[in-house]
Amino acid sequence: MNEEPLQHQSISDATYLGAATVLSLIGIVGCLFNACVIFIMLRDPRLWTPQNMIIFNLASSDFAVSVLGNPVTLAAAITKGWIFGETICVIYGFFMALLGIASITTLTVLAYDRYLMIRYPFSSKRLTKETALYAVGGIWIYAFAVTVPPLFGWNRYVNESADISCSIDWESGEHSNYVIYIFVFGLFIPLTVIIYSYVNLVITVRKRAAEKIIGQATKAECRVAIMVAVMILAFLTAWIPYSVLSLLVAFGGIQISPAVSLIPALCAKSSICWNPIIYIGLNTQFRSAWKRFLNIPVTFSEGSVDGDITTGVSKLMAGQQDTMHSANSAICSDADPPPGLMCCLAQDEHHRRDTDPEKYGCKMEMMFNNSPGVCTKSEIGDVSL
């Protein structure tokens with residue numbers, strides 16, 4: 001801590017001004033976009049699928065960072081140094097660490113859920129609303145367990161070298177065991193689960209494609225998997241430089257100038273901006289919900305969304321559909337999600353019971369025609385059937 005005045009003097013006024021400008025943009029975009037995601041989910045009950053409950057948790061975490069953390073760092077950049085005292089530094093450091101670990105753990109849950117969705121499309125292992133709530137609770141318990149030890153003397157939350165934010169003590173060399181602990185449980189294990197999930201997801205999709213049994217429901221689920229993959233890539237792109245720099249400082253004995261250390265720190269803080277952009281850009285559910293909110297007509301192809309497919313599968317597994325169809329019938333009852341989809345899922349579920357589950361795929365050969373309740377050709381979501 002005695003070196004902080006020298007570190008402070010090594011940062012130019014122009015660097016502080018640049019940091020303040022970037023932090024302002026991050027705060028405005030992160031707050032506005034995550035607030036939009038939270039708002040549209042609170043007002044539109046159709047969005048409350050199990051997966052979107054996990055996404056809501058991620059948006060809430062990012063929104064909290066933009067509201068609670070970003071203004072503090074921005075004020076410090078404007079005043080060219082930390083002005084809030086040691087107590088606020090500890091509180092800030094703890095909550096930013098908690099929210100960051102909660103975010104990567106949430107992305108880990110999403111990645112594993114995508115793997116289960118495509119690998120076992122009708123399995124009871126899939127998320128339900130009840131298990132999604134348990135998952136959210138588990139995410140926060142896990143994040144708390146990873147980040148609370150410095151409050152009890154195992155490491156500590158201190159000013160970072162740029163003197164505009166606080167984090168755990170990477171530089172002193174004390175409590176290096178905790179640095180290993182937070183990287184193992186806060187980064188290595190989540191990354192391992194994410195890599196495992198997506199490697200096996202790709203293997204499963206390629207296997208089904210080779211066997212020509214990958215159906216339209218699975219294709220829609222692949223679109224959701226792509227969305228989650230982009231979210232994870234954006235998060236890691238933002239956080240990996242900061243993580244690598246922290247490890248080099250903690251164990252490599254490398255001295256980084258405060259001005260240079262600002263770059264990965266700002267990259268890490270920008271992570272709160274990318275996820276809501278990805279929700280809106282890649283998720284048909286959110287785009288359709290915004291159109292309904294703005295009273296813009298939603299076409300049938302836009303109205304049938306990935307989450308409806310997930311919900312439909314879950315309802316079939318739970319036995320909650322009012323009408324089940326025989327394998328020889330092409331007649332579909334009125335249902336929500338769209339009847340053609342549920343007809344196909346019902347028939348595929350019947351087919352799955354009589355065939356090898358490993359070779360199961362939803363073959364959406366049924367299509368809509370002009371007759372009510374009859375499956376004929378059309379589109380489901382943004383995939384042509």
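This is a predicted model: local features need pLDDT of at least 70, side-chain atom pairs count only at pLDDT 80 or more; totals for chains, interfaces and linings use all residues.

Me: Which residues of α9 meet α3, and how does the contact of α3 with α9 divide by class?
Reply: From α3, the residues taking part are Ile 55, Leu 58, Ala 59, Asp 62, Val 65 and Ser 66, and they meet Ser 271, Ile 272, Asn 275 and Tyr 279 in α9. Sorted by class, the contact of α3 with α9 comes to six nonpolar, three polar and one charged residues.

Me: Is α2 roughly parallel or roughly antiparallel to α3?
Reply: Helix α2 (residues 13–43) packs with α3 at an angle of about 155°, and their axes are 8 Å apart. Because angles over 145 degrees count as roughly antiparallel, the arrangement of α2 relative to α3 is roughly antiparallel.

Me: What is the handedness of the crossing in which α2 passes α3, and how many residues of their contact are charged?
Reply: Where α2 passes α3, the crossing is left-handed. The residues in the contact of α2 with α3 divide into 18 nonpolar and nine polar, and the number that are charged is one.

Me: Is Asn 70 buried or exposed?
Reply: Asn 70 lies in helix α3, which spans residues 50–78, and has a relative accessible area of 7%. Since buried means under 20% relative accessible area, Asn 70 is buried.

Me: Which backbone oxygen does the side chain of Asn 70 reach?
Reply: Leaving aside residues up to four places away in sequence, Asn 70 touches Leu 23, Ile 26, Gly 27 and Val 65. The side chain of Asn 70 comes to 2.8 Å from a backbone oxygen, and that oxygen belongs to Leu 23.

Me: Where is Pro 150 found, and is Pro 150 buried or exposed?
Reply: Pro 150 sits in the loop that runs between α5 (129–147) and β1 (157–159). The relative accessibility of Pro 150 is 8%, so this residue counts as buried.

Me: What separates Pro 150 and Tyr 178 in space, C-alpha to C-alpha?
Reply: Beyond residues up to four places away in sequence, Pro 150 touches Asn 155, Arg 156, Tyr 157, Ile 168 and Tyr 178. Pro 150 and Tyr 178 are 28 residues apart in sequence, while the C-alpha to C-alpha separation in space is 8.4 Å.

Definitions and conventions:
Residues are numbered from 1 along each chain as its sequence is written. Side-chain values use heavy atoms; hydrogens and water are left out. Helices (H or I, at least four residues) and strands (E, at least two) are DSSP runs, numbered from the N terminus. Buried means under 20% relative accessible area, exposed over 50%, partly exposed in between (1.4 Å probe, protein chains only). Contact means heavy atoms within 4.5 Å. A polar contact is a pair of N or O atoms within 3.5 Å; within protein, one must be able to donate a hydrogen and the other to accept it, and residues adjacent in sequence count only if both atoms are side-chain atoms. Axes are lines fitted to C-alpha atoms, for helices over the stretch in contact, and angles run from 0 to 180 degrees between N-to-C directions. Angles under 35 degrees count as roughly parallel, over 145 as roughly antiparallel, 65 to 115 as roughly perpendicular and the rest as oblique. A crossing is left-handed if the near helix is turned anticlockwise from the far one by less than a right angle, and right-handed if clockwise. Ala, Val, Leu, Ile, Met, Phe, Trp, Tyr, Cys and Pro count as nonpolar, Asp, Glu, Lys and Arg as charged, and the others, Gly among them, as polar.
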